[in-house]
Amino acid sequence: MREGQKSGRKRENTETASHFEGNVKMETILKFLPERMRIERLLCFCYGLTMNIQKMNPNKINRSEMTPVETDRMPAKSQTNQEPSSKTDELELRPFRRSNSEYEEVYQLYHDAFPDSERKPMEMVLQSVQKGRMEAYSAFDHNEFAGLLFLVNGQQADILDYLAVNPKLRDRGIGSRLLSWLKDHRSKPFIIEIESTFTASDQIPARRKAFYLRNNMIDCNQEIQLFGVEMELLSYPTPVTYDQYYNVLSSYLDTFPQIDYHNCLAALPPRQEPSKKTSSLQEDYREQTEKRNS
């Protein structure tokens with residue numbers, strides 16, 4: 001899961017894209033990119049190759065940090081009929097589409113809240129939504145744009161991919177209210193990825209994890225390595241296994257055959273014993289699964 005917070009990392013150089021054409025093996029790409037790179041930067045990199053956007057004139061880009069795919073497809077504001085929305089504690093969530101009147105606000109927050117290394121191209125998100133592989137929502141508090149929420153859909157569980165809050169409204173508990181909406185409206189467990197608190201160089205992952213635990217997320221006691229980055233898995237309302245997580249992510253990434261991810265995702269052995277709560281919930285889940293399968 002990617003929470004909206006601008007990173008101080010140096011932006012990776014994507015000019016190496018011009019050296020490749022067509023489908024590219026992930027091992028080849030990794031030779032030209034920094035070691036600790038998040039999956040979304042690689043997705044953006046590969047997706048840009050397939051879209052053949054590398055030769056855009058950068059002088060035509062109004063926002064200097066936009067990725068080529070995003071910039072090429074950004075439409076003007078338009079007023080259209082919107083899909084039905086849902087509300088939680090006066091927080092209104094609207095299905096996010098390209099034609100929404102708040103498109104530019106969502107786009108700008110998405111661009112500002114996440115560093116280059118963590119953003120999928122917006123066009124990739126919108127195409128995934130259109131195909132039913134993702135869900136995207138824009139949030140409003142008393143008709144004021146409050147944040148965004150993007151999910152990857154799976155058969156047994158979903159992945160909360162992005163959550164960001166309008167910085168002007170950070171004192172209204174928007175993040176917790178968005179999580180409450182997910183708890184109330186999802187019929188399947190949802191998974192959050194956070195950078196490992198065991199290997200982090202600062203306290204940001206620890207504070208992020210504490211926030212989710214305060215909001216009743218469950219520590220799955222499962223670490224993974226995703227494109228060289230060690231991460232932890234949290235979920236709600238039951239702990240999820242690595243197999244469940246893998247099934248959701250691989251099913252999504254399989255829709256982009258140019259991305260060879262199979263050797264870049266692995267489960268890591270747990271560093272500590274699971275809590276009593278996690279162990280109890282895991283046992284309950286196993287019993288329920290056995291009953292359904294019997």
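Me: Is Glu144 buried, partly exposed or exposed?
Reply: Glu144 is partly exposed, with a relative accessible area of 33%. Buried means under 20% relative accessible area, exposed over 50%, and partly exposed in between (1.4 Å probe, protein chains only). Please note that this is a predicted model, in which local features need pLDDT of at least 70, side-chain atom pairs count only at pLDDT 80 or more, and totals for chains, interfaces and linings use all residues. Residues are numbered from 1 along each chain as its sequence is written, and side-chain values use heavy atoms, with hydrogens and water left out.

Me: Which residue forms a salt bridge with Glu144?
Reply: Arg172 does, with the closest N and O atoms 3.3 Å apart. A salt bridge is a side-chain nitrogen of Lys or Arg within 4 Å of a carboxyl oxygen of Asp or Glu.

Me: And how exposed is Arg172?
Reply: Arg172 has 33% relative accessibility and counts as partly exposed.

Me: How many salt bridges are there in the whole structure?
Reply: A search of the whole structure finds 12. One of them joins the side chains of Glu135 and Arg186, at 3.0 Å from N to O.

Me: Are Glu135 and Arg186 buried or exposed?
Reply: Both Glu135 and Arg186 are buried.

Me: What about Arg177, which residue does it pair with?
Reply: Arg177 forms a salt bridge with Asp141, and their closest N and O atoms are 3.0 Å apart. Asp141 is buried, at a relative accessible area of 3%, and Arg177 also counts as buried, at 13%.
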